[in-house]
Amino acid sequence: MIRRSSFRPAWWLPGPHLQTIWSSIFRRRLPLERRRERFELADGDFVDLDWVDVDGPQSPLVLILHGLTGSSDSNYAWGLQHALRGRGWRSVVMNFRGCSGEPNRLPRAYHSGETGDVDEVCAALMDREDRGPVAAVGYSLGGNVLLKWLGERGASSRLAAAVAVSVPYLLDQCQKRMDRGFSRVYRNRLIEQLQSGVRDKITHFEKQARHDHAEALRALGNVSSYRNFRDFDEFVTARLHGFLGADDYYQRSSSIHFLRDIRVPTLLLHAVNDPFTSRMAIPGPGDLSPSVTLELSGSGGHVGFVAGRNPLRPTYWLEQRIPDFLATHLEVPPEPPAPGPM
């Protein structure tokens, strides 16, 4: 089902770019206590999980997946964890490989179609959970990973509900969109961060005397010469992760191909003016399973959705809409009192 979103952008943040940029630059963080768990993966690598705990005998848990070059410190992840804590819910952000401030142990990293790590983490969370239902929220790349995983797992995911925000549903079209207009500014910044990540890992492996790993990354060529996503995905992402090339990666990893197989109640939040996503990539009714609802807004940018009349008191709409949707699937109504004696 596709329906119109209730989001109304702040009058002082018109257009896609101000909506996209505001939170990452100007947002003030509220206090949040977190604890870190090192989660060991089956292939010998690791991911770090950043938890926000709450007291209570029964509390829902929300798993959060961040976007490309993001982490648990991304403002949208921090803000959502703060909002969920206000509801009395626990949350945990899964930092993708190499995104928690420490290089991961293997040359490979993460990508838009990598669902194996999420599968391992979710299986472990489900096996150890006895306090309440579990849901998941993914942003941008993390949303693509989440939706692909949900489609792969079908009815066996064991999640109570899911939300995906500003997803690049069709990767080939979205990488082309990033090569046009002001979107090239975002592209250049992201590519620079990806390039820096590869160079930093080479240095890290050399210091650890893991010369085989360092050489595997050097074999990818001069990463500084790759100026757009197609080049980076052709020569780095595909080679590191077993794809035939960029086109094979885009085809096999685009979440739009998996939406019809989702069986978990899932909400998609997307702005038509998202500068990271081609309008051609937005799913249509025929792409969605009966379990999936797409809410489209005319504005909101990429993981923006900032509202409010006063610039000094902005409202981060996603942190209201996401918990409101999840509440219908996570909150267990209290049991009625036992009947008294007749």
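Analyst: We start with the ground rules, then go through the sheet, the helix contacts and the aromatic pairs.

User: What are the ground rules?

Analyst: This is a predicted model: local features need pLDDT of at least 70, side-chain atom pairs count only at pLDDT 80 or more, and totals for chains, interfaces and linings use all residues. Residues are numbered from 1 along each chain as its sequence is written, and side-chain values use heavy atoms, with hydrogens and water left out. Helices (H or I, at least four residues) and strands (E, at least two) are DSSP runs, numbered from the N terminus.

User: How do I read the strand order of the open sheet?

Analyst: Two strands pair if DSSP finds at least two bridges between them. Here the open sheet has 9 strands, in the order E1-E9-E8-E7-E6-E4-E5-E3-E2. Its pairing is mixed. Strand E1 (2-4) and strand E2 (35-40) are the edges, each pairing on one side only. From one strand to the next, the twist averages 20°.

User: Which way do E2 and E3 run, parallel or antiparallel?

Analyst: Antiparallel, with 6 bridges joining E2 to E3. Arg35 has Trp51 in E3 as its bridge partner. The hairpin of E2 and E3 has 5 residues between the strands, and Gly44 there takes a positive phi near 95°.

User: And E7 with E8, parallel or antiparallel?

Analyst: Parallel: strand E7 (residues 161-165) is joined to strand E8 (residues 266-271) by 4 bridges. Ala162 finds its bridge partner in Thr266 of E8.

User: Which strands does helix H3 lie across?

Analyst: Contact means heavy atoms within 4.5 Å. Helix H3 (residues 116-128) lies across E2, strand E3 (46-52), strand E4 (61-65), strand E5 (90-95) and strand E6 (134-139). H3 runs at about 115° to E2.

User: How do I read a helix packing angle, say for H6 and H8?

Analyst: Axes are lines fitted to C-alpha atoms, for helices over the stretch in contact, and angles run from 0 to 180 degrees between N-to-C directions. Under 35 degrees counts as roughly parallel, over 145 as roughly antiparallel, 65 to 115 as roughly perpendicular and the rest as oblique. Helix H6 (residues 183-207) and helix H8 (residues 229-241) pack at about 25°, axes 10 Å apart. So H6 is roughly parallel to H8. On the H6 side the contact uses Arg187, Leu190, Ile191, Leu194, Gln195 and Val198; on the H8 side, Phe229, Phe232 and Val236. Ala, Val, Leu, Ile, Met, Phe, Trp, Tyr, Cys and Pro count as nonpolar, Asp, Glu, Lys and Arg as charged, and the others, Gly among them, as polar. This contact of H6 with H8 has 7 nonpolar, 1 polar and 1 charged.

User: At what angle do H6 and H7 cross?

Analyst: Roughly 155°, with the axes of H6 and helix H7 (residues 211-218) coming within 8 Å. That makes H6 roughly antiparallel to H7. Val198, Lys201, Ile202, Phe205 and Glu206 of H6 meet His211, His213, Ala214, Leu217 and Arg218 of H7. The classes are 5 nonpolar, 2 polar and 3 charged.

User: How far apart are the axes of H8 and H9?

Analyst: They lie 8 Å apart, and H8 packs against helix H9 (residues 246-253) at about 90°. H8 is therefore roughly perpendicular to H9. The contact of H8 with H9 has 5 nonpolar, 1 polar and 4 charged residues.

User: How many aromatic pairs are there?

Analyst: Rings of Phe, Tyr and Trp (its six-membered ring) pair if their centres lie within 6.5 Å; planes under 30 degrees apart count as stacked, over 60 as edge-to-face and the rest as tilted. The structure holds 12 such pairs. One of them, Phe7 with Trp317, is tilted, at 5.4 Å centre to centre and 55° between the planes. Phe7 lies in the loop between E1 and helix H1 (15-26) and Trp317 in the loop between strand E11 (315-316) and helix H10 (318-330), so the pair ties together parts that are 310 residues apart in sequence.
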